[in-house]
Amino acid sequence: MKNIVEKLNTPVNYECDVLVAGGGIAGVSAAIAAARRGTRVTLIERSFQLGGLATSGLVTIYLPICDGMGRQVSFGIAEELLRLSIEHGWESDIEKHVIPEIWLTDHTREERAADGKRFDVQFNPHLFVMSLERVLVELGVRILYGATAVATSEKDGRIEAVIIESKSGREAITVDRCVVDATGDADLCQLSSAKTAIYSNGNTLAAWYYFTNEAPGAHLKMHGFTDVDLRGTPEKALTKKNYTGIDVTEVSEMVCESHAAIEKDILARREKGEIVIPSCIASIPQLRMTRRLKGLYELSDEDMHKPFEDSVGMVSNWRKRGPVYEIPFRTLRGAEVKNLLCAGRCISVTDAMWDITRVIPDCAVTGEAAGAAAAMTDDLDKLDISKLQETLVAAGVVLHESDLKK
Ligand SMILES: Cc1cc2nc3c(=O)[nH]c(=O)nc-3n(C[C@H](O)[C@H](O)[C@H](O)COP(=O)(O)OP(=O)(O)OC[C@H]3O[C@@H](n4cnc5c(N)ncnc54)[C@H](O)[C@@H]3O)c2cc1C
């Protein structure tokens with residue numbers, strides 16, 4: 001293989017206490033949590049808006065923060081962002097975009113279970129982008145858009161600086177406390193000496209887009225056809241490939257396939273006489289599970305209802321009613337780098353569990369925990385977990401299933 005040897009002399013143009021890489025739901029939650037604890041936070045985002053898959057990927061269903069059996073299990077920033085996502089409503093069709101009544105008024109667990117509606121919402125991605133940004137700006141978080149993390153500089157087992165590339169070229173940001181990898185793809189883990197694992201099944205094609213089918217000015221409808229539909233209706237499938245999501249050629253191919261699938265769907269609908277005016281397609285690849293941290297603990301779907309001493313919050317299972325999982329702090333960090341935490345899609349979980357913890361509310365839970373921890377230390381080996389738990393509880397997080405309202 002040919003190599004180009006580059007001579008690099010990278011200027012240090014920024015410094016911060018906490019560096020958050022990736023501005024998806026996990027990164028935003030981490031930035032909020034770290035900034036609220038008085039630290040200087042820099043968030044780098046390779047695109048030009050916050051929210052990641054939830055907004056740029058048009059995945060606009062904020063899945064439940066309850067267990068489906070009448071108990072709320074995710075609190076703190078997970079609930080705060082759910083409410084924020086609908087602060088300005090939608091446009092019309094407001095019915096679908098509000099918190100179910102049973103969760104707004106005082107009810108027992110049994111009443112909520114009997115009602116059956118889960119604590120979730122659908123949001124307008126464009127409005128959510130602006131709300132998320134406003135919150136970070138008000139907290140004094142420095143946001144660097146169009147900035148991609150491309151390397152780390154490690155010293156004595158710590159990341160001392162993260163190298164970014166942007167319109168300004170190549171620059172270094174020094175980090176006094178911790179780095180939070182919220183890139184979804186564990187890029188910072190990959191760029192440092194942390195250990196990573198790749199999702200063994202790969203991702204099937206997804207192609208969610210928005211269109212209006214009524215008069216101009218009418219509300220938009222989201223149309224998505226995903227792997228499930230593609231599997232269920234093979235005649236629709238343009239590809240049966242699976243994508244790892246971490247190779248530029250393959251990701252580009254997937255994006256092209258996704259665009260072709262949308263075009264095919266639009267034309268097929270029009271042929272049937274439907275009015276389809278596309279208004280928005282995703283601006284980032286709709287990938288679910290790609291690369292993750294191999295951390296101190298790998299959370300498994302069999303850890304359901306299991307208490308963990310180092311729990312930093314809880315999540316439910318969006319696919320099933322009943323399961324509750326405590327998230328051990330050890331899923332957010334590895335052994336190799338003393339000041340690197342993961343949040344969101346790339347925490348340390350088994351393949352089966354990955355499909356549970358990757359969703360929006362869960363990313364907020366792990367983001368909040370990672371951001372709070374990042375603000376507290378420059379060496380995670382020395383972090384007092386009980387102090388981290390105290391600060392999370394003070395911020396409204398419930399750590400253990402045994403602490404939930406009976
Ligand atoms: C088709 C599909 C449907 C889904 N449906 C739902 C659903 O209905 N409800 C639900 O709750 N969840 C759903 N999900 C899952 C959920 O949307 C995401 O997993 C979740 O939003 C991920 O959040 P995150 O912050 O971990 O990562 P991401 O949203 O992926 O955010 C990562 C951010 O980091 C940035 N980034 C990446 N690399 C770098 C780098 N090197 N430097 C700087 N920035 C970088 C990216 O641009 C991105 O903004 C779905 C996912 C897909 C793909």
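Entry 1: I looked up strands β7 (residues 148-155) and β8 (residues 158-166), which run antiparallel and are joined by seven bridges. Strands here are DSSP runs of E with at least two residues, helices are runs of H or I with at least four, and both are numbered from the N terminus. I count two strands as paired if DSSP finds at least two bridges between them. The model is predicted: local features need pLDDT of at least 70 and side-chain atom pairs count only at pLDDT 80 or more, while totals for chains, interfaces and linings use all residues. Residues are numbered from 1 along each chain as its sequence is written, and side-chain values use heavy atoms, with hydrogens and water left out. I noted I163 in β8 as the bridge partner of A151. Two residues separate β7 and β8 in this hairpin, and D156 in the turn has a positive phi of about 50 degrees.

**Entry 2: the open sheet.** I traced five strands in the order β6-β3-β2-β10-β18, with parallel pairing. At the edges I found β6 (142-145) and β18 (340-342), each pairing on one side only. Neighbouring strands are turned by 20 degrees against each other on average, direction ignored. Axes are lines fitted to C-alpha atoms, for helices over the stretch in contact, and angles run from 0 to 180 degrees between N-to-C directions. Between β10 (residues 179-181) and β18 I recorded three bridges, and D181 has C342 in β18 as its bridge partner. Helix α9 (residues 360-376) lies across β2 (18-21), β10 and β18, and runs at about 170 degrees to β18.

Entry 3: Is I347 buried or exposed? I found I347 buried, with a relative accessible area of 0%; buried means under 20%, exposed over 50%, and partly exposed in between, with a 1.4 Å probe and protein chains only. I347 is placed in the loop between β18 and α8 (351-357). Not counting residues up to four places away in sequence, I347 touches R292, L293, T331, L332, C342, T357 and T366; contact means heavy atoms within 4.5 Å.

I then turned to N317, in the loop between β16 (311-316) and β17 (324-328). N317 is buried, with a relative accessible area of 1%. Which residues does N317 touch, not counting those up to four places away in sequence? I listed R118, P323, Y325 and I356.
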